[in-house]
Amino acid sequence: MVSRVIPVDPFDLVVFGGTGDLAKRKILPGLYIRFLAGQMPAESRIIGAARAELTDEGFRALVAAALSEFVAKDKQDAAVITQFLGRLHYVAIDATGEGGWPQLASLMRTGVVRAFYFSVAPTLFGDLAERLHAHDIADEHSRIVVEKPFGRDLASARALNAVLAEHFHESQIYRIDHYLGKETVQNLMAVRFANILFEPLWNAQYVDHVQITVAETVGVNGRGAYYDKSGAMRDMVQNHMMQLLCLIAMEPPYKFDPDAVRDEKLKVIRALEPVPAEDIVRGQYRGAGRKDGPEAASYLEDCGNPQSRTESYLALKVRVANWRWQGTSFYLRTGKKLRARTSEIAIIFKEAPHSIFGEDEGWKANVLAIRLQPNEGMNLTVMIKEPGPGGMRLTEVPLDMSFAEALGEEGMDIPDAYERLIMDVIRGNQTLFMRGDEVEAAWAWTDPIIEGWEARGDKPRGYDPGSSGPEDALMLLHRDGRRWREIRE
Ligand code: NDP
Ligand code: BG6
């Protein structure tokens with residue numbers, strides 16, 4: 001099945017930090033793919049902006065190199081790349097100074113969508129907002145895209161919201177959480193709200209517990225300085241995993257409208273209970289023993305701080321205090337250098353109230369597993385009779401659906417999250433972006449958890465690279481008579 005392409009309106013997109021890592025790996029390749037797909041009108045333009053003194057030609061050469069490195073070979077069409085590079089311009093600008101702003105102002109056109117992507121360090125977001133306003137470059141129809149991290153606690157997130165609000169209305173601010181742009185994450189809403197099958201069972205009466213896993217095999221990968229100030233809580237849980245939890249736990253919105261969806265997510269975040277110390281397990285990966293090379297380094301070596309107590313692994317038991325989820329545990333875990341790269345949400349249903357088949361007949365609970373990556377898809381386990389004459393023995397079979405296989409012979413082209421999200425910005429659709437109050441509520445829940453382990457002086461537990469995380473994380477479920485699902489691709 002080929003995905004439908006609806007061209008967006010012509011636009012001028014300014015990428016501040018257009019020469020940086022994120023721009024080269026995600027933003028510019030994503031825009032090229034949309035151009036290749038015919039979604040980006042030819043009269044649109046992308047304007048890179050950073051301090052480096054580059055000409056348009058210099059910027060195009062840099063982007064050409066990025067496309068050749070980060071776009072799949074079968075998508076690299078030389079003629080289309082040349083056309084795409086022709087849509088690129090560059091202005092040398094310092095976010096903290098006045099140079100370059102008049103040039104940018106003179107480049108902007110009227111009659112097209114104006115969007116500004118803040119792909120620079122968060123300390124510069126306020127400077128950019130202020131100067132866009134001071135130089136009359138942004139008007140009331142313009143949009144700004146703000147990268148993560150959005151603050152490092154409630155106070156800093158509030159301060160950032162306040163600075164942005166001085167110059168932009170909430171409807172113009174697109175706070176990125178790239179997990180919301182993942183195809184399967186959006187599919188969660190389709191599965192829940194476009195099928196009658198699941199909704200009657202989607203509550204504490206039928207759901208035993210939920211497991212949300214985001215496991216990575218990579219370490220901190222040269223981002224040690226940033227990561228050591230964040231850890232898994234700030235880097236993954238406060239944003240990406242919180243969003244997954246919201247999509248699982250929220251009530252049906254009255255329609256698929258940005259504020260209707262975000263209102264429901266906000267209610268979930270506000271209903272989260274404080275997490276006691278015994279429901280938190282933090283870990284730090286050890287070195288890989290006899291191996292050499294960068295992949296053998298421990299977290300402490302990777303982050304360059306031998307005293308660090310930052311967690312590269314975090315598991316939490318979370319409760320949502322409302323009628324629907326009273327008594328249901330949501331177990332969240334995420335970590336680096338784990339056994340496999342896999343992200344999955346598993347809904348583990350309760351046992352049938354009465355078994356007519358007897359204890360020993362192989363009965364197991366139904367599980368709905370939604371795989372976010374890799375091999376996006378869904379798997380529902382159901383019990384059937386084991387074939388053969390051996391009596392009424394039960395066995396579990398998967399109703400397995402790989403989206404790629406189910407949606408077409410060659411598999412559907414699943415777009416990268418950034419492709420989808422940037423096109424939503426141009427369309428003016430905020431459904432998959434975080435609202436200011438959502439981000440603040442997420443920090444309001446996160447802050448006391450972090451303050452708690454800092455006050456207790458908790459040290460993260462060591463775990464071996466390639467493992468499933470610290471032993472204590474197993475206990476978090478064992479204690480409740482449950483076990484984690486295996487981490488595997
Ligand atoms: P980089 O350090 O690779 O790039 C920073 C960019 O900002 C460069 O283009 C740099 O160019 C420009 N820049 C720096 N200072 C200024 C300034 N004073 N005025 C104008 N431009 C400036 O960072 P990343 O690309 O990795 O990150 C960008 C943003 O994206 C950050 O907010 C980060 O947290 C976020 N992010 C990044 C991810 C990643 O995987 N890289 C993942 C998720 C979020 P120059 O030095 O020439 O000015
Ligand atoms: C980023 C985090 O937001 O998400 C990284 O900063 C993490 O630490 C990444 O590796 C994971 O994203 P994905 O799309 O690879 O699951």
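In the predicted model, residues 24 or more positions apart account for 77% of the contacts in the chain with a separation of 6 or more. The chain contains 14 helices and 15 strands. Its radius of gyration is 24 Å, close to the 23 Å given by the globule rule for 489 residues, so the chain is as compact as a globular protein of that length. Along the principal axes, the C-alpha atoms fill a box of roughly 80 × 50 × 50 Å.

Of the 489 residues in the chain, 51% are buried.

Strand β10, spanning residues 329-335, is mostly covered, with seven of its seven residues buried. In a regular strand, side chains alternate between the two faces of the sheet. In β10, Ser329, Tyr331, Arg333 and Gly335 point one way, whereas Phe330, Leu332 and Thr334 point the other way, and all are buried. Strand β7 (residues 207-215) runs parallel to β10 and is joined to it by seven bridges; within this pairing, Val210 has Phe330 as its bridge partner in β10. Strand β9 (residues 313-319) pairs with β10 in the antiparallel sense, also over seven bridges, and here the partner of Lys317 is Tyr331.

Asn221, in the loop between β7 and α8 (224-249), has a phi of about 50 degrees. Lys337 has a phi near 55 degrees and is located in the loop between β10 and β11 (342-349). With a relative accessible area of 57%, Asn221 lies above the 50% cut-off and is therefore exposed. The relative accessible area of Lys337 is 7%, under the 20% limit, so this residue counts as buried.

Cis peptide bonds were also identified. One joins Lys148 and Pro149, with omega about 0 degrees, and Pro149 is found in the loop between β5 (143-146) and α6 (154-167). Another joins Gln373 and Pro374, where omega is about -15 degrees. Pro374 belongs to the loop between β12 (367-373) and β13 (377-385).

Methods: Residues numbered from 1 in each chain as written. Chains lettered and ligands numbered in written order. Predicted model: local features only at pLDDT ≥ 70, side-chain atom pairs only at ≥ 80, totals over all residues. Heavy atoms only, no water. Helix = DSSP H or I, 4+ residues; strand = E, 2+ residues; numbered from the N terminus. Rg over C-alpha atoms; globule rule 2.2 N^0.38 Å. Buried < 20%, exposed > 50% of the residue type's maximum accessible area, 1.4 Å probe, protein only. Contact = heavy atoms within 4.5 Å. Pairing = 2+ DSSP bridges.
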